Amino acid sequence: MVAAFIGLVWWLVDNTVANLASQNVATGFGFLGNNTGFDINQKLIAYDETSSYQRLLLVGLLNTAIVSVLGILFATLIGFMVGLASLSDNWLVSKLAFIYVEIFRNLPLLIQILFWYVLLIEILPHPKKSFGLWEVFFLNNRGLYLPWFTTLPGGGYLLSVIGLFGAGCFYVARKARNMRELNGQTKAYVRNYILIGVICLGGYLSLWGVPFEANLPALKGFNFRGGLSFTPEFVALLVALSLYTSSFIAEIVRAGVLSVSKGQFEAAKALGLPSSVTMNKVIIPQALRVIIPPLTSQYLNLTKNSSLAAAIAYPELVSVFAGTALNQTGQAVEIIFITMSIYLFLSLLTSFLMNTYNARVALVEK
Amino acid sequence: MQQVIKWSRENLFASRMNALLSLASLWLIYVTIEGVLSWAFLNASFLGEDKSSCITRPHGACWPFVTAKFNQFIYGNYPAVEQWRVNIVFALGTLGLSLLVAGRINFKKQLAVLMLTAYPVLTFILLSGGLLGLSYVETNQWGGLLVTLVIAVTGIVVSLPLGILLALGRRSELPIIRIMSIAFIEFWRGVPLITVLFMASVMLPLFLPKGMNFDALLRCLIGVSLFASAYMAEVIRGGLQAIAKGQYEAGKSMGLSYWKSMRLIILPQALVISIPGIVNTFIGLFKDTTLVMIVGIFDLLGIISFHFTDPNWTSPQVPITGFVFAGLVFWVFCFAMSHYSKSVERRFSVKGESK
């Protein structure tokens, strides 16, 4: 059987080499250094026609990353909200949550992406007639425009000051917990947090002043300039991925909360805890043990699903690299190999982290 | 009336917060229903031969597009005089499935086997023809719902046995078989389907010797089936793991061979436990069939999008109506399947509790 397998592989490789030779396609990864000769409309790092395929790969990967990270964020928020809503005492709220899940889970993601995309480009007005909110948010068929800021000198130090503030808060929180565990004191340390905040902010402002300048989008000529802009492709993909994945996350959250035994609810009630504390301190921490493993696999699915952007030409990994770059170079074997390896690496990494996590939180039963 | 008031007091207005939520929900329901109704009915155009009636009603659905292209959406370019063959396939499939799901018959097992073996063969003969005096219909003429269902059913029929073999392989005691199964499963589960389809459409021709070539649909079928069988394998592995160790030992102590004990003792139990998971994989597979459109196959979604370019039907509402129609069709199939899987789950959990 092993011999048959090796024979099969050898036969396939032999065919491939012969076919490539007859088609005059170069082999090897040398093409990564060549110029791509085309530009793309969304890039987080410098890129133009003269950049190499290697750079293109990085740009695509970053575009995959940004839509995945934001998608994960929104999907988690909506998913938790809907999942908890489906367990609500309120009949109407729980029914609405169920309907939400049934609608978005049972529609193919590709249809959802295409639907939002045509809705954005066909129904939204031209830039001159954009929907505006307070004259700073704009939505039209060229994209979504948000107010943003430009950094002036001294802005670079902000991150380190925020870091300092975080470290201070962490220290105070640790101390508060130690006190609580030591003598049961539950004194609020809000005062200390405010103090740290004031010191950091005051120090920063006196040293560098306000280092930002508002950068508002404004109509110039045929389109908006300035601010933070997102293409319709990006918005459509993000909305579809978030809604689709959130319906699965809602089901996971619901199952997780239901897995916590009823006695825990009753115990919290008997202690007289208000329902928000019951949820946050008793139920959710226990439910998370059940929720997190399937939740991570949903995150991974979302990342893999972002490849469907190829249908609406959002320039992410599959669309620019396995699409455009492949058509230009013809080096199918290498390009598909690189693309698949990236996803495979991500997925193996996730399942490795999950197994580690599972081993750590699993209930040790006797 | 009093009961209604009592019920809503308990379930909708139990506290001030609850009342607020109820009112917000009512408002949400009103806005949604109002929007959907006015788009789909009040502002929609229903009759017309081309885009003219849709352009005069720019805020509503363009249903004439769907009615005018309906035949294409179902059969693609399948020759009109041969469409009865497709209809027979559809009818047999519906009959078989509804008997399996709802019928109270005592030859269910035989019917299931028949649906998984004889039905696909018959379907292939009927659809592609070239035999028994049926004229040959090339696969590039197939399209629409027909292709969607062909891909989904092939995926299901191939992935089930392949998934079982892979799941058994992953639990095998022979290291080579185990490693090969694990590598296969993890590879297909780790990559997005779209890269698999790209691979099938650009790399498969490279792997094969010159002159030997598959048609585009077959390449997609291979890609989708292999992809689905990896997911199926994991679902069935879950079922296998849930079977008590004693069952395996019982099989051994009866002196049954490995295959016999699997076939007679383990698999019947494991498969029944995994039915909800299997159906969920089917739902995922069915939704994933839409991706073949990206590599140029005209499945239901693909053919609908293709017709947006028809100059007789260029209006902003046409693509929206088209996607809503496609969404409705897919939604009905997926919802029915998930409903079925839930009812099976409920039946088993009741059985388990009554013990």
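Predicted model: local features only at pLDDT ≥ 70, side-chain atom pairs only at ≥ 80, totals over all residues.
The contact between the chains draws 42 residues from chain A and 43 residues from chain B. On the side of chain B that touches chain A, at least two residues each come from α2 (16-42), α8 (175-190), α9 (193-207) and α14 (317-354) of chain B. The most is given by α14(B), which contributes 10 residues to this side. Sorted by class, the side of chain B that touches chain A comprises 30 nonpolar, nine polar and four charged residues.

Within chain A, the packing of two helices was examined. Two packed helices are described by the distance between their axes and by the angle between those axes. The axes of helix α3 (residues 91-105) of chain A and helix α7 (residues 232-259) of chain A come within 8 Å and cross at roughly 130 degrees. The helices α3(A) and α7(A) are therefore oblique to each other, and their crossing is left-handed. On the α3(A) side, the contact is made by A97(A), Y100(A), V101(A), F104(A) and R105(A). From α7(A), the residues L243(A), Y244(A), S247(A), F248(A), A250(A) and E251(A) take part. The residues of this contact between α3(A) and α7(A) comprise eight nonpolar, one polar and two charged.

Chain A also contains a pair of strands. Strand β2 (residues 137-140) of chain A runs antiparallel to strand β3 (residues 143-146) of chain A, and three bridges join them. In this pairing, N140(A) stands opposite G143(A) in β3(A). Together, β2(A) and β3(A) form a hairpin, with two residues between the strands.

Technical notes: Residues numbered from 1 in each chain as written. Chains lettered and ligands numbered in written order. Contact = placed C-beta atoms within 7 Å. Helix = DSSP H or I, 4+ residues; strand = E, 2+ residues; numbered from the N terminus. Nonpolar A, V, L, I, M, F, W, Y, C, P; charged D, E, K, R; others polar. Axes fitted to C-alpha atoms, helices over the stretch in contact; angles between N-to-C directions. Parallel < 35°, antiparallel > 145°, perpendicular 65-115°, else oblique. Left-handed = near helix turned anticlockwise from the far one by under 90°. Pairing = 2+ DSSP bridges.
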